[in-house]
Amino acid sequence: MNEMQIPRRNNLDAFWMPYSDNKYFKSTPRMLARAEGMSYFTPEGQEILDGTAGLWCCNAGHGRREIVEAIQKQAAVMDFAPTFQLGHPIAFEAAARVAEITPEGMDRVFFVNSGSEAADTALKIALAYHKARGESQRVRLVGRERGYHGVGFGGMSVGGIGGNRKQFGAQLPYVDHLPHTHLPAQNAFAKGQPEHGEHLADVLENLVALHGDTIAAVMVEPVAGSTGVLVPPKGYLEKLRKICTKHGILLIFDEVITGFGRIGTNFGSERLGVTPDIMTMAKGLTNAAVPMGAVATSNEVYSTIVDGMPSGIELFHGYTYSGHPLASAAAIATMELHRAEDLPGRARTMEPYFEEAAHALRGTPGVIDVRNMGLIAGIELEPRTGKPGARAMEVFRTCFDEGVLVRVTGDIVALSPPLIMERPHVDRIFGTLADAIRAVPA
Ligand code: PLP
C-alpha cells in the first residue's frame, strides 16, 4: 500500500493519554515540542516556563548536554543487554553511583523502570525479607490515606487515593491505611514542617494491637506530593520509625519525588532525619531523560534475602529492562551533574526565596493554604461550589496560556521547578500564578 492509500485519521486519536481528560485535550490541545534549561516551547514557539520540572522529575533542567551525549554514546556502543544471569558494566556503575548518595548502610540498588514498579518491587522485597527470616505470617502492608505510590496493583492498593482505586474493583488484600497528616485547622500556612500531627503516627500502634505480628511494612512518602504537598508534621516520621523498629516492621520511604535534591538533600530521609529500611526512587534518577526507577535497601534486608538463600535465584522478581544500558548511562550522567552542580545545595539556597514567594500568595482571594518544603510548594484554593477541581484546572490552563507550567491535583496547585531555578524564574512563576488565581472566577 503506498502512503497515499493509507486512510488519514485525526492524528490525535490513537494516543490514549494517561491521567487525562482525553476528550477535552483533543478538542483544545496544549502541546510541548521542545525543552531547554528552565523552559518548554510549544510547536508554535511559545516559551512555557517550567514550574513543575516536567512531572517533578527534570531536576537538572531540560536538555542537559551531558545526559544527551551519554545516552547517544551508549546507544551506539550497546543498545540492550539482559541483566538476568548476565551483566553489563554500566548497570553496576549506575548502581554504585546511586549508592554513593543513599543513606549510609542502604547500599543495595535494584533497578526498575518507573516509580510504580519501584513501589511494587519494594513491597515484594519487604514480603520476601520476612519470609527469609522465617516470619512468613507477616503479609500485611500499611499505607496512608492520600498516599501515592503509582498505579501498579501494589502501589495502588497501599496508596490512599480513592479516585485511583474506584474503577478497578478488588485491591490487594491485607492492606491498612494510616490517617493522612493534613490538619488544616491547626497547620494552615505552615512553613516547612507543621507543628501539629505527630500523634497521627500512633495509629500504627493501634494496627499492631489489632493485627499482632502480621504487619510486614509501612510505606509512606516523606513529603506526599501528588495529593497536594503534605509535609510531615514535626516528630511524625521519627515516631513511625520508632514504632516500626519496636515491632519488627520494615519502613519504606517512597522517595520518587523527594529524591535527588528536591527538598535540599540527596533524599528526603536526610533532610527529615529518619532512615527507612527500603526506599524507592525514579524521576530525578535520570533527570527523566530515559525512564528508570530503583529500590535501595539496607544491607540487612539485602543480605537476609540474598545470603539467606543457599544457591540459585534469590529473588524471583525483575524486569526485562532492569538496568537498561541507556537508562544506566543517563543515570550516571545525572549523578555526575547532581554532584558537580550540587543540586541539593542549589535547592537549599533557593528555598527561602521560593518559600517567601509561595507564602506571599496568602491573602490572595481564594487561597486557603500554602505548604512548602525544599523546592516543592502546594497552594490550596477554595473549591468552586459543587465542582471540585474545576477552579484549579482553570488556573492551570490560564497559567499555561500565559507561559508558565504549573500542576494541579484537586484544588491544589503544586509547584516543583527544576533545581537550577534562579530568582527571576521564581518571580515569574508566582507572579503569573497570582494573576491567574485572581483572574479565574471563584
Ligand atoms: N510514587 C510517587 C511518590 C510518585 O509521586 C509517583 C509519580 O508521580 C509514583 C510513585 C509513580 O511513578 P511513575 O509514574 O513513574 O510510575
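## Helix 16

The expected span of a helix is 1.5 Å times one less than its number of residues. In this predicted model, helix 16 covers residues 423-439, a total of 17 residues. The distance from its first C-alpha to its last is 24 Å, close to the 24 Å expected at 1.5 Å a residue.

The buried residues of helix 16 are His425, Val426, Ile429, Phe430, Thr432, Leu433, Ala436 and Ile437. Viewed down the helix axis, these buried residues fall within an arc of 160 degrees, so they line one face of helix 16. An α-helix has 3.6 residues a turn, so residues three or four places apart point the same way. Arg423, Pro424, Asp427, Arg438 and Ala439, on the other side of helix 16, are exposed.

## Division into domains

The protein is divided into domain 1, made up of 20-63 and 342-439, and domain 2, which spans 67-340. Between the C-alpha centres of domain 1 and domain 2 the distance is 26 Å. The contact involves 32 residues from domain 1 and 29 residues from domain 2.

On the side of domain 1 that touches domain 2, at least two residues each are supplied by helix 2 (53-56), helix 14, strand 11, strand 12 and strand 15. Helix 14 gives the most to this side, with 7 residues.

## The antiparallel sheet and its helices

An open sheet of 4 strands is arranged in the order 11-12-15-14, with antiparallel pairing. Its edge strands, each pairing on one side only, are strand 11 (367-373) and strand 14 (407-409). On average, neighbouring strands of this sheet are turned by 20 degrees against each other, direction ignored. Strand 14 pairs with strand 15 (residues 412-415) over 3 bridges in the antiparallel sense, and Arg407 stands opposite Ala414 in strand 15.

Helix 14 (residues 343-359) lies across strand 11 and strand 12 (376-381), and runs at about 170 degrees to strand 11. Helix 15 (residues 390-401) packs on the sheet, where it touches strand 12, strand 14 and strand 15. The direction of helix 15 makes about 175 degrees with that of strand 14.

Strand 7 (residues 215-220) is largely enclosed by the rest of the structure, because 6 of its 6 residues are buried. Strands of a sheet pair through backbone hydrogen bonds, either parallel or antiparallel.

The bridge partner of Val220 in strand 8 is Phe253.

## The surroundings of Leu178

Leu178 lies in strand 6, which covers residues 175-178. Leu178 counts as buried because it has 22 C-beta neighbours inside 10 Å, and the cut-off for a buried residue is 20 or more.

When residues up to four places away in sequence are not counted, Leu178 touches Val142, Arg144, Leu200, Val203 and Leu204. Leu178 and Ile90 are 88 residues apart in sequence, and 40 Å separates them in space, C-alpha to C-alpha.

How values were computed: Residues numbered from 1 in each chain as written. Predicted model: local features only at pLDDT ≥ 70, side-chain atom pairs only at ≥ 80, totals over all residues. Buried ≥ 20, exposed ≤ 12 C-beta atoms within 10 Å, placed from the backbone. Arc of directions from axis to C-beta. Pairing = 2+ DSSP bridges. Axes fitted to C-alpha atoms, helices over the stretch in contact; angles between N-to-C directions. Contact = placed C-beta atoms within 7 Å. Domains from an automatic or database assignment.
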